Amino acid sequence: MFPSISGFIGGAAVDSTLLLSLAIVLCAVLFEDVTTVIVGVLAADGILPVPVAFISIYIGIALGDTLLYSLGAFARTHPRLAHYIDHDFTAPFRSWLEDTYAFKIFSGPFVPGLRFTTFAASGFFRFPLRTYIPTAIAGGLVLETTLFTLSYWFGAFSSKWVGEVRWGI
């Protein structure tokens, strides 16, 4: 029989919650939605305490959002990309992003494809960090709290009904 994912991760996590938290942070930087769903089910199984799961996911989200902004700011310094800053090609996107900037950054995590483009463009066009950081993190927190709660409930309800088959669902 195949070993369960919960058993595999749980066996490693019993001795090192810190190591599991670090893995969650790193995974949340790259794949925050998938990581949140998996961690929610793991928390429902009792493998990981809920506060540790929340904090790890939120740190990963904040780090990932900051890295996307930094990627845009770094791209601005590249000679081949720098001439697009005030170019006619990017002017419509820049003006679109400037209109209701905070709302577009807040809604970035909710709309597929919008997160990467708006977050990196914020750094590329040097929009203020004092607006970007709180709104990006707030949008991520709302989405990830909802996903975590739903996946936690799914994990709690499905553990008795379908057992290990739920990892395929």
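Both Arg115 and Glu32 are buried. The exercises below start from that pair. The model is predicted.

**Exercise 1. Which contact joins the side chains of Arg115 and Glu32, and which helices hold them?**

Step 1. Find the closest nitrogen and oxygen. They lie 3.0 Å apart, N to O.
Step 2. Apply the cut-off. A salt bridge needs a side-chain nitrogen of Lys or Arg within 4 Å of a carboxyl oxygen of Asp or Glu. The side chains of Arg115 and Glu32 therefore meet in a salt bridge.
Step 3. Place the residues. Arg115 sits in helix H8, and Glu32 in helix H3 (residues 32-44), so the pair ties together parts 83 residues apart in sequence.

**Exercise 2. Which residues are linked with Arg115 in a network of salt bridges?**

Step 1. Turn to Asp65. Its salt bridge with Arg115 has closest N and O atoms 2.8 Å apart.
Step 2. Locate this pair. Asp65 belongs to helix H4 and Arg115 to helix H8, so parts 50 residues apart in sequence are tied together.
Step 3. Join the pairs. Glu32, Asp65 and Arg115 form a linked network of salt bridges.

**Exercise 3. Are Asp65 and Arg115 buried or exposed?**

Step 1. Recall the cut-off: buried means under 20% relative accessible area.
Step 2. Asp65 has 2% relative accessibility, so Asp65 counts as buried.
Step 3. Arg115 has a relative accessible area of 17%, so Arg115 is buried too.

**Exercise 4. How do helices H4 and H8 pack, and which residues meet?**

Step 1. Two packed helices are described by the angle between their axes and the distance between the axes.
Step 2. Read them off. H4 (residues 50-76) and H8 (residues 114-124) pack at about 50 degrees, with axes 6 Å apart.
Step 3. Classify the angle. H4 and H8 are therefore oblique to each other. Their crossing is right-handed.
Step 4. Inspect the contact. From H4 come residues including Asp65, Leu68 and Tyr69; from H8, residues including Arg115, Phe116 and Phe119.
Step 5. Sort the contact residues of H4 with H8. They divide into 9 nonpolar, 4 polar and 3 charged.

**Exercise 5. How many residues apart are Glu98 and Arg94, and how accessible is each?**

Step 1. Check the pairing. Glu98 and Arg94 form a salt bridge, with closest N and O atoms 3.7 Å apart.
Step 2. Count along the helix. Both lie in helix H6 (residues 91-98), 4 residues apart, so about one helical turn separates them.
Step 3. At 43% relative accessibility, Glu98 counts as partly exposed.
Step 4. At 21% relative accessibility, Arg94 counts as partly exposed.
Step 5. Take the total. The structure holds 3 salt bridges.

Key:
Residues numbered from 1 in each chain as written. Predicted model: local features only at pLDDT ≥ 70, side-chain atom pairs only at ≥ 80, totals over all residues. Heavy atoms only, no water. Axes fitted to C-alpha atoms, helices over the stretch in contact; angles between N-to-C directions. Helix = DSSP H or I, 4+ residues; strand = E, 2+ residues; numbered from the N terminus. Parallel < 35°, antiparallel > 145°, perpendicular 65-115°, else oblique. Left-handed = near helix turned anticlockwise from the far one by under 90°. Contact = heavy atoms within 4.5 Å. Nonpolar A, V, L, I, M, F, W, Y, C, P; charged D, E, K, R; others polar. Buried < 20%, exposed > 50% of the residue type's maximum accessible area, 1.4 Å probe, protein only.
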